Amino acid sequence: MHILQDKTPADGLSGGIAEVKGRPAVIQALDPLVMASTEGEVHLRKSEFCHSYAKKRNLPLFNLCEGGGLRMPDGVGSDGISDKLFPDCLLDHGRTAPVLTAILGDSTWMAVTSDFVNQKQGTGMAVAGPRMLEMASGEKLSGDELGGTAVHVAHTGQIDHIGQNEKETIEALQDFFEYLPSNEKDTPPFKESREGGVVEKPELEDCSFQ
């Protein structure tokens, strides 16, 4: 028996199929209570399966991220780093179906390859944490200065929306999904316009611009 077997339920990642706004989707959620949701061998294999299943079935993929990054004992050496630091499944999704990510804590690489990213206020998304940065370069930055919402809104453009709490952050993914097709062969959901909701469009030449 592995020494951590009883301490790492589901190896920090739960996944499955659920309905989001009435449509099937693959969901994977990282559990911060299991080794700070760091990504070990089993964790990464499960995540790869979620990506592969979503791609095979042409289903949207929702990532609920609160991860601590690669678990170092599983990623030491050139072989460990090369196939785990940035798994191929994040690169070969093919953009055939939407990938939406909520950053609910320290983020993982899932957000980088997503079509829509919503970050909860007070969380961070960075390649490394403040302590690792200080040890490597001597720079002292807070988590917010390193990868907080203000950084990604003003500089990187990596996030699309900011949620004030976990509920709002997840609900924003659902709301945005209503504007998207489930895959490249589908069309976005259609809603009848409200009675009297049609707006007359003036001819362009009739518009005056100050």
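Me: Which side chain does the side chain of T101 make a polar contact with?
Reply: In this predicted model, the partner is the side chain of S114, at 2.6 Å.

Me: Where does T101 lie, and is it buried or exposed?
Reply: T101 lies in strand β4. For the second part, look at the relative accessible area: anything under 20% counts as buried. T101 comes out at 0%, so it's buried.

Me: What is T101 in contact with, leaving aside its neighbours within four places in sequence?
Reply: Quite a list: N63, C65, M110, A111, S114, F116, V117, N118 and L173.

Me: How do I read strand pairing in general?
Reply: Strands of a sheet pair through backbone hydrogen bonds, and they can be parallel or antiparallel. Here, β4 and β5 (residues 116-120) go the parallel way, over four bridges. β2 and β3 (residues 61-65) also run parallel, joined by four bridges, and A29 stands opposite L64 there. β1 (residues 13-20) and β2, on the other hand, run antiparallel with eight bridges; I17 has V26 as its bridge partner.

Me: In what order do the strands of the open sheet come?
Reply: Read across, the six go β1-β2-β3-β4-β5-β6, with mixed pairing. β1 and β6 stand at the edges with a single partner strand each, so one side of each has no neighbour in the sheet. From one strand to the next, the twist averages 20 degrees.

Me: Why is strand β2 largely enclosed by the rest of the structure?
Reply: Count the buried residues: six of the eight in β2 (residues 23-30) are buried, so the strand is largely enclosed.

Me: And the helices, how do they sit on the sheet?
Reply: Check which strands a helix meets and at what angle. α1 lies across β1, β2 and β3, at about 165 degrees to β2. α7 packs on the sheet too, touching β1, β2, β3, β4, β5 and β6.

Me: Which residues make the largest nonpolar core?
Reply: There are twelve, among them V20, I27, F62, L100, F116 and L173. β2, β3, β4 and α7 each supply at least two residues of this core. A second, separate core has six residues, including V26, C50, A54 and L59.

Conventions: Residues are numbered from 1 along each chain as its sequence is written. This is a predicted model: local features need pLDDT of at least 70, side-chain atom pairs count only at pLDDT 80 or more; totals for chains, interfaces and linings use all residues. Side-chain values use heavy atoms; hydrogens and water are left out. Buried means under 20% relative accessible area, exposed over 50%, partly exposed in between (1.4 Å probe, protein chains only). Two strands pair if DSSP finds at least two bridges between them. A nonpolar core is a set of buried Ala, Val, Leu, Ile, Met, Phe, Trp, Tyr and Cys residues joined through side-chain atoms within 4.5 Å. A polar contact is a pair of N or O atoms within 3.5 Å; within protein, one must be able to donate a hydrogen and the other to accept it, and residues adjacent in sequence count only if both atoms are side-chain atoms. Contact means heavy atoms within 4.5 Å. Axes are lines fitted to C-alpha atoms, for helices over the stretch in contact, and angles run from 0 to 180 degrees between N-to-C directions.
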